[in-house]
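Please examine the sequence and the three-dimensional structure shown here before reading further.

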Amino acid sequence: MFKRVRVNVGKMGIVSKNGDYQKVLTAGTYWLMLNELVMEYDMSKMYTATARFNIMIQDPKLAALVEVFDVKDNEIALKYDGDNFDSVLKPGKYFYWKGLIDFKFVMVDLNKVEVSEAVSLSVLQLPAVKAYTRTFRVESYEEGLLFVDGKLVNKLTKGAYSFWKNAIDVEVLKVDLRQLQMEISGQEMLTKDKAALRVNFDAQYKVVDVEKALLNSKDFTKQLYSLIQLALREFIGTMTLDELLDNKMAAAEFVLGNLKTKSKVLGVEVLSAGIRDIILPGEVKAIMNQVLVAQKQAQANTITRREETASTRSLLNTAKLMEDNTMLFKLKEMEYVEKIADKIGEITVSGGNGQVLNQLKEIFSTSK
């Protein structure tokens, strides 16, 4: 007995009998035995090859219709439908039907580190592919060093860098190339005259050699901090408190000169520096306030004495003029009498009319 079967366009049929492969059918209508089964395959898809497929592929007709693709251990394959990424193929054997879809593959050897295959960054960032990569980003203001298994391999400028994920250690160390500020705050120091004080110091610096900064010291920022701190202590230790307060700007020149050579070993250039604050202990501050008050009081006394001397000299000159000029003396006398009269509220007199007039005359007399 027979049965009629149809294989549609875009499909392939595999005929089996009692579980054994018989033949392959392309699109069309066929008559088969009742005990023959047909399994249809979509020609637009890829299939994982099973152990049964290894027997089927021995048929020359089937072998001519399929493309077999083998992904070995420690490999993956990036599958594209035309120019569009489709999926990641893990190790195994695959087959797809020829003639309908133009599949493309990019083979990736996971034993190597660098992504040398023609794979775009957008594909590398897709979740399916990202599971097999490690990505590092260097910003526009940074510079990085690439280490593979602890060995310096390359210097990296701005951009995104992807590497295949495997047992090989990959590390990217980055350094900020912008101008940076270092604050050295609350440093307790002694001056030459044993005055205890605290200093806040600022320094501006930038990295000029990335390899030296990352390879010559474990932490170049800590090393730079220590160098600035020691230079500042050396400067303050050679000056008395008064000298330090009068020459704060000299600290910057001393520190910059001291670090000019030492900072190059760290790959760093110190651009500018300076003391921000000098904080004195409470008792020293109180003493200095007393000194300041005394100085200001002395200045005030000097000014007062200077004014008193000028006033006395003026009186002396006036007295000499009045001694030589009787009219001037009488005018000055009248001026003082007028001033006294302005302050008199009332005058009490006693006696007769003639006596009153004589008393007033005596009071306001301008005769010498």
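The paragraphs below proceed from the whole chain to a few selected residues.

The structure is a predicted model. The protein consists of 368 residues, of which 30% count as buried. Its accessible surface comes to about 23500 Å², and carbon and sulfur atoms account for 52% of that area. In terms of secondary structure, the protein has eleven helices and 19 strands. Contacts may also be considered by the distance in sequence between the two partners. Among contacts between residues at least 6 apart in sequence, 65% join residues that are at least 24 apart.

A single residue can illustrate such contacts. Val-270 belongs to strand S19, which comprises residues 268-279. Is Val-270 buried or exposed? With a relative accessible area of 13%, Val-270 is buried, because this value falls under the cut-off of 20%. When residues up to four places away in sequence are left out, Val-270 touches Ala-203, Gln-204, Tyr-205, Leu-224, Leu-256, Leu-259 and Ser-263. The separation of Val-270 from Ile-228 may be stated in two ways: the two residues are 42 residues apart in sequence, and their C-alpha atoms are 9.7 Å apart in space.

We now turn to the loops. One of them lies between strand S2 (11-17) and strand S3 (20-25), and Asn-18 is found there. Although Asn-18 is not a glycine, its phi is positive, at about 55°. The relative accessible area of Asn-18 is 66%, so this residue counts as exposed, the cut-off being over 50%.

Another loop connects strand S17 (180-190) with strand S18 (196-207), and Asp-193 has its place in it. Lys-194 is likewise located in the loop between S17 and S18. Lys-194 is a residue other than glycine with a positive phi, near 65°. Its relative accessible area is 66%, and Lys-194 is therefore exposed. Asp-193, by contrast, is partly exposed, because its relative accessible area of 42% lies between the limits of 20% and 50%.

Which residues gather with Asp-193 in a patch of negative charge? They are Asp-242, Glu-243 and Asp-246, which together with Asp-193 form this patch on the surface. A residue can belong to a patch only if its relative accessible area is over 30%.

Technical notes. Residues numbered from 1 in each chain as written. Predicted model: local features only at pLDDT ≥ 70, side-chain atom pairs only at ≥ 80, totals over all residues. Heavy atoms only, no water. Patch = residues over 30% accessible without salt bridge, like charges linked within 9 Å, V, L, I, M, F, W, Y side chains within 5 Å. Areas by Shrake-Rupley, 256 points an atom, 1.4 Å probe, with all protein chains shown as cover. Salt bridge = Lys/Arg side-chain N within 4 Å of Asp/Glu carboxyl O. Lys, Arg positive; Asp, Glu negative; His and termini not counted. Charge placed at Lys NZ, Arg CZ, Asp CG, Glu CD. Helix = DSSP H or I, 4+ residues; strand = E, 2+ residues; numbered from the N terminus. Buried < 20%, exposed > 50% of the residue type's maximum accessible area, 1.4 Å probe, protein only. Contact = heavy atoms within 4.5 Å.
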